[in-house]
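The points below can be read with the model open alongside.

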Amino acid sequence: MNMVKSEHLTYEYTRITEDANGEVHEKITALSDVNITIEQGEFVVVLGHNGSGKSTFAKHINALLEPTKGTLCVKDMDTRNGDLLWDIRQSAGMVFQNPDNQLVATIVEEDIAFGPENMGVEPSEIRKRVDEALATVRMEQYATYSPSKLSGGQKQRIAIAGVLAMKPDCIVLDEPTAMLDPVGRKEVLETIRRLNREEGITIILITHYMDEAVQADRVYVIDDGKLVMEGVPKEIFSQVERLQGYGLDVPQVTEVAYLLRKEGIDLPADILTIEEMVGAICQYKSTI
Ligand SMILES: Nc1ncnc2c1ncn2[C@@H]1O[C@H](COP(=O)(O)OP(=O)(O)OP(=O)(O)O)[C@@H](O)[C@H]1O
Ligand SMILES: [Mg+2]
């Protein structure tokens with residue numbers, strides 16, 4: 001089944017400023033004719049330079065924004081249909097960049113219970129969901145802590161647990177590791193990958209970190225509101241110059257391989273990991 005499908009998705013913001021003659025309405029096209037189909041169970045990464053439209057896309061999946069033109073469906077539910085709003089939000093949960101803005105309660109387990117409580121889930125079922133969600137993000141021992149006592153990575157895992165308690169099919173994470181230190185980033189990424197592999201939850205991860213993108217099933221690149229690249233990580237990252245043209249980096253080892261190739265050393269263009277690099281260099285050595 002399609003988890004998320006956008007067809008000709010276009011979104012315009014209206015920026016209102018004032019000049020001597022009064023209000024000026026300026027249209028900003030943040031997304032332009034975007035067609036994306038994400039299958040159930042996929043781990044997808046969305047890349048793009050600042051202001052390219054990634055967050056605007058993410059907000060459509062949660063029906064926080066409604067298309068100006070075109071459509072976006074979550075499990076065949078059209079986000080323009082207001083009657084489906086709660087079903088859509090229950091199916092597709094969102095995690096944002098700043099963990100401090102997402103945690104609402106003063107005790108971890110109350111925070112996780114907040115979503116299901118609002119959905120009218122029975123108390124005994126809520127208790128079960130909170131315990132399961134805490135176990136899934138490996139934070140059981142922090143159930144009665146105050147979120148303010150947790151590290152950034154732990155707070156993001158609680159934010160993820162809060163979404164899990166809603167039993168979503170899909171989680172959209174908009175730069176969830178941007179404010180974290182390397183340890184926190186690793187914890188959160190491992191959690192995300194486990195949710196995908198073990199719980200079968202569809203993951204849509206927006207990130208600036210190429211090492212996170214390498215682990216995805218598919219990568220989408222958005223530039224200036226348009227979908228410009230789509231493929232498995234090896235297809236995307238072997239196109240170093242094109243990515244640089246969109247203001248994006250490639251993983252460090254991929255760049256080293258690219259620079260060595262430019263010097264005439266015949267290495268594969270799609271090296272993504274250190275292990276692959278080591279293998280390719282050993283192979284190359286045996287040919288000289
Ligand atoms: N509320 C808003 N009002 C007007 N313009 C907006 C608004 N939000 C975003 N935009 C504009 O829409 C475009 C896309 O913004 P968006 O936040 O989706 O990009 P992004 O890829 O998420 O960027 P970043 O990497 O900085 O998070 C940008 O030109 C931005 O300035
Ligand atoms: Mg953004």
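1. Glu175 is buried, at a relative accessible area of 12%; buried means under 20%, exposed over 50% and partly exposed in between, with a 1.4 Å probe and protein chains only. Glu175 sits in the loop between β7 (170-174) and α6 (182-199). Its phi is positive, about 50 degrees, although Glu175 is not a glycine. Most residues other than glycine have a negative phi. Helices here are DSSP runs of H or I with at least four residues, strands are runs of E with at least two, and both are numbered from the N terminus.

2. On the source: this is a predicted model, in which local features need pLDDT of at least 70 and side-chain atom pairs count only at pLDDT 80 or more, while totals for chains, interfaces and linings use all residues. Residues are numbered from 1 along each chain as its sequence is written, chains are lettered from A and ligands numbered from 1 in the order in which they are written, and side-chain values use heavy atoms, with hydrogens and water left out.

3. Two further positive phi values can be noted. Asp224, a residue other than glycine, has phi near 50 degrees and lies in the loop between β9 (218-223) and β10 (226-231).

4. Which residues come nearest to ligand 1? Of the 14 residues around ligand 1, they are Gly51, Gly53, Lys54, Ser55 and Thr56; a residue counts as near if one of its heavy atoms lies within 4 Å. The shell holds three nonpolar, eight polar and three charged residues. In that division Ala, Val, Leu, Ile, Met, Phe, Trp, Tyr, Cys and Pro are nonpolar, Asp, Glu, Lys and Arg are charged, and the others, Gly among them, are polar. β1 (2-19), β2 (22-39) and α1 (54-61) each supply at least two shell residues, and α1 gives the most, three.

5. For a polar side-chain atom of Thr56 the distance is 2.5 Å. Ligand 1 alone exposes 630 Å², of which the protein buries 66%; these areas come from the Shrake-Rupley method with a 1.4 Å probe.

6. The largest nonpolar core has 51 residues, and those with the most contacts inside it include Leu47, Ile112, Ile171 and Ile203. Such a core is a set of buried Ala, Val, Leu, Ile, Met, Phe, Trp, Tyr and Cys residues joined through side-chain atoms within 4.5 Å. Helix α5 (residues 152-164) provides its largest share, six residues. A separate core of 27 residues has Ile38, Phe57, Ile61 and Tyr220 among its members.

7. In helix α3 (residues 108-118), the buried residues include Val108, Glu109, Asp111 and Ile112. The cover over the buried residues of α3 includes α4 (123-136) and α5.

8. Ile107 belongs to the loop between β6 (92-95) and α3 and is partly exposed, at 28% relative accessibility. Ile107 and Thr144 are 37 residues apart in sequence, yet their C-alpha atoms are 5.7 Å apart. Leaving out residues up to four places away in sequence, Ile107 is in contact (heavy atoms within 4.5 Å) with Ala143, Thr144, Tyr145 and Pro147.

Terms used: A polar contact is a pair of N or O atoms within 3.5 Å; within protein, one must be able to donate a hydrogen and the other to accept it, and residues adjacent in sequence count only if both atoms are side-chain atoms.
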